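Reader: I am new to this structure. Please take me through it in questions and answers.

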Amino acid sequence: MMFLTVSTLWVWPAVLVAACILPLVLHLYDPYGIRKYPGPFLAKFSYAWIFWVGISGRRSQIIHEAHDKYGAVIRISPREVSFSSPSVYSEIHSFSSKATKSNFYDTFGSIGVRNVFTSRSKADHVQRRKLLHPLFTAQVTREFTPRTVSLVEQLLNEWESRFVDGKYFDCVPWIVWLAFDSIGDFIFGTSLGMLNSRSDSVPFVRKSDEKTISLPGIISMREQYNYPVGLLPVWWRPLARRIVSKEIEAARTYHAFVAHRVEQRLSRNAGLQSEDVYDLVGRFLKKSKAQNEAFHPDALTSELNTILVAGTDTTRNSLIAAIYYLARSPDAQRTLQAELDSSPTQDISALPFLNACLNETLRLYSPVGIGLPRTVPHPGMLIAGEWFVGGTTVGVPIYTVHRDENIWGARTEEFEPRRWLSEDGRELRMDADALKTFSDGSMRCIGKHLALAQLRVMIAAIFKRFDVILENPEAPLHTEEWFVRKAIECKIGVRRRGV
Ligand code: HEM
């Protein structure tokens, strides 16, 4: 017994010493050859710094400030390098780039099944994109637009009946309901009913037990598991999973919710009747059948797991940001309204000032602002003229690229739609490709057309009908960042315009 106690006494100090010495040894051994790059002190030896930054809710700003302090190429973990140059973004994310998604994406998987977002093998990713691409074309988006118009009308009628008497209200939950209803309609052919119930709770059956769940609530909780755990090295993850068991349960519930909706949708009919083919599931089934591909509900559920989140979190936060910036900039709001009033056509896709406001929102707000982590392939890769060995993680923060004065000119922290326009304001002067909001290359956002079309329709409808003001124009837009930057609250007042 005595012997056992003594041996236990030896073990823990040994573990502690090893935990302190090993990072130092690894730092000196420098397996990735990145010791020469400057960066925060703690980031040289451990993942604690990037983990702390990740859960601070301000990752993009903190890394941006670190670039200001240490330079254009900085080390942000023992294995990861961050670059601030927009040209490096193009190198890493070009179609010809050999860099792959890092193991950060492993934790985002739908229980046990990979999807287009989490796929890390180039060949597997190409296959998935091929299958999904036809479901997101500009034509599909155009066909869906009337349904977005109808949902946004429902939202505005509600605002008109409740708030036009000068009451300030928080627009965040309303925009959340709109975004979920719209994407629910796009995917399953029926809205999720949040605007009708004015609540984010949705019915959910699991093992014949019927209850309601807050869909945005469980999605946020799921992100609070997969995002921070993804920042840790793989050997720490099993331990971390024990700590975040509540969040893992949320991920399971979310998966079960999507699987249940897929089942319901499939049982409605085989998805091949013409009136149902406008939704994503119907189109997916039709395409699988036309190509004689085997249809796997689990594979579809796994894709939808990502698409439902990717299509709501980003779009809704962009819309809230657009409302906030325009409400804070009366001149820009008036110019936009004048353009909308004088536009004779239903097609708003080419309105210069509307597009300038949208681009400027996506630049300044950057719903996804982090450096998307990519792994350098073996044996290595030249980036910005320097050799990086295989296995190194690299990224270029979108937030920082969107504040590069060489591209955007001065006052990059200001909302200035005019920076996008020619002198006479009649056309877009700047190339929207400079925006990295939707990323670039083979892993760029698949929902870009849909998001842009929805945002144009929503912004135009809101500002055509109302003058919008902020309750507190001096207050910044409060955000919290995980993988996506989320607006926490945005209190506005609306007044019916006399047009
Ligand atoms: C303003 C709205 C949106 C923004 C800012 C946005 C941004 C992005 C970004 C930056 C990526 C790359 C992520 C990475 O490589 O880690 C991405 C990927 C993706 N997005 Fe979006 N997105 C938006 C809307 C949408 C919509 C509406 C959908 C679908 C309904 C969607 C579906 C996806 C999917 C499936 C991927 C993974 C693509 C792949 O890896 O091949 N997104 N998005």
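Reader: Which helix gives the most residues to the shell around the ligand?

Author: This is a predicted model, in which local features need pLDDT of at least 70 and side-chain atom pairs count only at pLDDT 80 or more, while totals for chains, interfaces and linings use all residues. Residues are numbered from 1 along each chain as its sequence is written. Helices (H or I, at least four residues) and strands (E, at least two) are DSSP runs numbered from the N terminus, and two of the helices, helix 14 (297-328) and helix 19 (448-465), each supply at least two residues of the shell. The most, 7 residues, comes from helix 14.

Reader: How many residues surround the ligand, and which are the closest?

Author: A residue is near a molecule or strand if its C-beta atom, placed from the backbone, lies within 6 Å of it. The shell around the ligand has 23 residues. The closest are Ala 310, Gly 311, Thr 314, Cys 445 and Gly 447.

Reader: How many residues of that shell are charged?

Author: Ala, Val, Leu, Ile, Met, Phe, Trp, Tyr, Cys and Pro count as nonpolar, Asp, Glu, Lys and Arg as charged, and the others, Gly among them, as polar. The shell has 14 nonpolar and 8 polar residues. The number of charged residues is 1.

Reader: How is helix 16 placed against helix 19: parallel or perpendicular?

Author: Axes are lines fitted to C-alpha atoms, for helices over the stretch in contact, and angles run from 0 to 180 degrees between N-to-C directions. The axes of helix 16 (residues 352-365) and helix 19 come within 11 Å and cross at roughly 110°. Angles under 35 degrees count as roughly parallel, over 145 as roughly antiparallel, 65 to 115 as roughly perpendicular and the rest as oblique. Helix 16 is therefore, relative to helix 19, roughly perpendicular.

Reader: Which residues of helix 19 does helix 16 meet?

Author: Two residues are in contact if their C-beta atoms, placed from the backbone, lie within 7 Å. From helix 16 come Leu 354, Cys 357 and Leu 358. Their counterparts in helix 19 are Leu 455, Arg 456, Ile 459 and Ala 460.

Reader: At what angle do helix 15 and helix 19 pack?

Author: Helix 15 (residues 330-342) has its axis 9 Å from that of helix 19. The two helices are roughly perpendicular to each other, and the angle is about 95°.

Reader: Which residues of helix 19 make the contact with helix 15?

Author: Helix 15 brings Gln 333, Leu 336, Gln 337 and Leu 340. By class, the contact has 4 nonpolar, 2 polar and 1 charged residues. On the side of helix 19, the residues are Ala 460, Phe 463 and Lys 464.

Reader: Which residue takes a positive phi in the hairpin of strand 5 and strand 6?

Author: Strand 5 (residues 201-206) and strand 6 (residues 209-214) pair in the antiparallel sense over 6 bridges. The hairpin has 2 residues between the strands. The residue with a positive phi, near 45°, is Lys 207.

Notes:
Pairing = 2+ DSSP bridges.
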